[in-house]
Amino acid sequence: MINELNLKNVINNLSEMIAIDSTTGKEQKLAEWITDYLIDLGVRVKLQKVAGKRQNIYTICHFSDEGPFLTFNGHLDTIPVVDGWKTNPFQAELHKDCLFGLGSWDMKSGLAALLEVFRVLISNGEALKGTIAFSAVVDEEAYSLGAKALMQTEIANSDAIIIGEPWFGDKKRPIFLGSTGKLLYEVIAKGKAAHAFEPDKGISAIDDMVRFLNKLEKLPFKNHPLFGKGNQCVLKVAGGFKQYSLLVPEECTAIINRLTVPGESAEEVLDKIRKIALDNRLPSRFKIRRIDPSYEPYILSKGEPIFLKFINAYQRILHKLPNFAYHRMITDANIYTGLARIPTLIFGPEGNSIHMANECVYLNSLEAVLKIYLLTALNFLSPDTEFE
């Protein structure tokens with residue numbers, strides 16, 4: 001079956017996908033392109049409205065009533081164009097082994113590879129058991145609205161998910177065995193307005209926010225044996241006049257990002273933060289609430305069936321074992337695994353300049369990824385049969 005994989009077909013499809021602007025919020029045209037491609041394969045495509053005209057797409061193919069359910073997955077959106085591009089970001093350009101273009105590495109190459117493997121699998125369905133699905137979601141680069149919505153469909157019944165994100169399993173980009181969570185929260189300080197020439201008659205919400213943030217810096221983080229300690233970053237502070245006025249600022253707002261580790265709940269974190277806000281040395285009244293996006297942390301085992309099949313396929317194709325790690329970051333796997341408890345493998349090609357100008361994917365790694373995807377899926381769907 002490996003001989004049926006067509007790298008040239010993948011490169012052509014990837015080039016067409018790069019030509020489509022699918023920056024976050026503009027995913028619809030790429031969704032339509034993939035929908036047309038899947039319909040040409042003879043499968044039924046389902047569209048799921050997420051927000052406005054933005055839609056997830058997915059298709060499910062049953063080979064038998066019994067057997068596992070495996071889903072291929074990727075995100076449709078890319079980051080916006082940034083300064084410094086030497087080529088047209090919406091035109092695929094090949095230089096030696098590198099294919100340049102916006103989203104070429106993150107993650108249109110992964111989507112194109114999964115589409116090709118999906119094509120080969122459904123054309124050989126008689127050799128397989130269970131169910132295979134292909135899905136593509138919106139908004140991964142923002143709030144993961146697409147991933148959350150997808151878990152309201154039949155895809156939530158998957159036994160495993162493979163996301164084509166660009167983690168090749170080398171030392172630089174090891175495969176995820178777990179990920180931190182993320183808590184985003186808003187802090188509002190309410191003071192009392194007064195004339196700025198008589199500040200003692202008011203309560204400055206800005207001054208109290210500064211004191212609050214200084215105390216917050218001293219809050220200890222939970223230490224996890226696999227992830228270490230979480231961290232936090234103040235993303236935004238806003239307060240004071242909108243139009244110049246001599247007023248003691250009566251309101252100040254801060255948005256704070258917090259990485260959490262397994263065993264650390266959002267409520268546990270918020271309770272500690274609220275205790276700081278209740279300090280009677282801060283005269284302002286504080287309101288603290290959790291806001292989107294927030295994600296649950298997760299840990300996986302190499303003993304999961306999808307990982308066992310992947311490790312075997314990786315070793316057969318690349319003649320070495322993949323590297324694994326516990327990551328301090330967020331992907332849609334935080335939804336699929338952290339929230340929906342579906343074992344999720346993140347694996348994709350090598351490249352350069354992720355979320356930067358002159359992004360590119362390495363085609364030699366793309367060929368290997370195709371074969372590893374296919375062998376992993378074949379041996380997951382038909383565990384009693386060895387495929388070459």
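Author: Let's start with "buried": the word is used for a residue with under 20% relative accessible area. Keep in mind that this model is predicted.

Reader: OK, what makes S353 buried?

Author: Its relative accessible area is 15%. The cut-off is under 20%, so S353 counts as buried.

Reader: How much of the protein chain is buried?

Author: Of the 388 residues, 55% are buried.

Reader: What is worth noting about the phi of S144?

Author: Phi is near 60° there, which is positive, and S144 isn't a glycine. In general, most residues other than glycine have a negative phi. You'll find S144 in the loop between β6 (131–137) and α4 (145–150). S353 also has a positive phi, about 65°, without being a glycine. That one sits in the loop between β18 (351–352) and β19 (360–362).

Reader: What makes the peptide bond between D106 and M107 cis?

Author: Look at omega, which is about -5° for that bond. M107 belongs to helix α3 (residues 104–122). There's also a cis bond from D292 to P293, with omega near 0°, and P293 is part of strand β14 (residues 285–295). As a rule, most peptide bonds are trans.

Reader: Why are β15, β8 and β16 called a sheet?

Author: Two strands pair if there are at least two bridges between them. Strand β8 (residues 175–179) is joined to β15 by two bridges, so that pair meets the cut-off. These two run antiparallel, and S179 stands opposite Y298 in β15. The three strands make an open sheet in the order β15-β8-β16, with mixed pairing.

Reader: What makes β15 and β16 edge strands?

Author: Each of them, β15 (298–299) and β16 (324–327), pairs on one side only. Helix α7 (residues 305–318) packs on this sheet and touches β8 and β16. The direction of α7 makes about 155° with that of β8.

Reader: Which residues does G67 touch?

Author: Leaving aside residues up to four places away in sequence, G67 touches K129 and G130. A contact needs heavy atoms within 4.5 Å. G67 itself is in the loop between β2 (54–62) and β3 (69–75).

Reader: How far apart are the C-alpha atoms of G67 and L381?

Author: They are separated by 6.7 Å, although the two residues are 314 residues apart along the chain. For the protein chain as a whole, 79% of the contacts with a separation of 6 or more are between residues 24 or more positions apart.

Reader: What lines the largest pocket?

Author: There are 17 lining residues, and E140, E141, M329, I330 and H355 lie nearest the centre. By class, the lining has seven nonpolar, four polar and six charged residues. The space in the largest pocket is about 280 Å³.

Reader: Last one: how many helices and strands are there?

Author: The protein chain has nine helices and 19 strands. Its C-alpha trace spans about 80 × 45 × 35 Å along the principal axes.

Notes. Residues are numbered from 1 along each chain as its sequence is written. This is a predicted model: local features need pLDDT of at least 70, side-chain atom pairs count only at pLDDT 80 or more; totals for chains, interfaces and linings use all residues. Side-chain values use heavy atoms; hydrogens and water are left out. Helices (H or I, at least four residues) and strands (E, at least two) are DSSP runs, numbered from the N terminus. Axes are lines fitted to C-alpha atoms, for helices over the stretch in contact, and angles run from 0 to 180 degrees between N-to-C directions. On a 1 Å grid over the protein atoms alone, a cavity is a set of points where a 1.4 Å probe fits but cannot get out, and a pocket is an open set with protein on both sides within 12 Å along at least five of seven lines; lining residues have an atom within 4 Å of a point. Grid points are joined across faces, edges and corners, and a volume is the space filled by probe spheres set on the points. Ala, Val, Leu, Ile, Met, Phe, Trp, Tyr, Cys and Pro count as nonpolar, Asp, Glu, Lys and Arg as charged, and the others, Gly among them, as polar. Buried means under 20% relative accessible area, exposed over 50%, partly exposed in between (1.4 Å probe, protein chains only).
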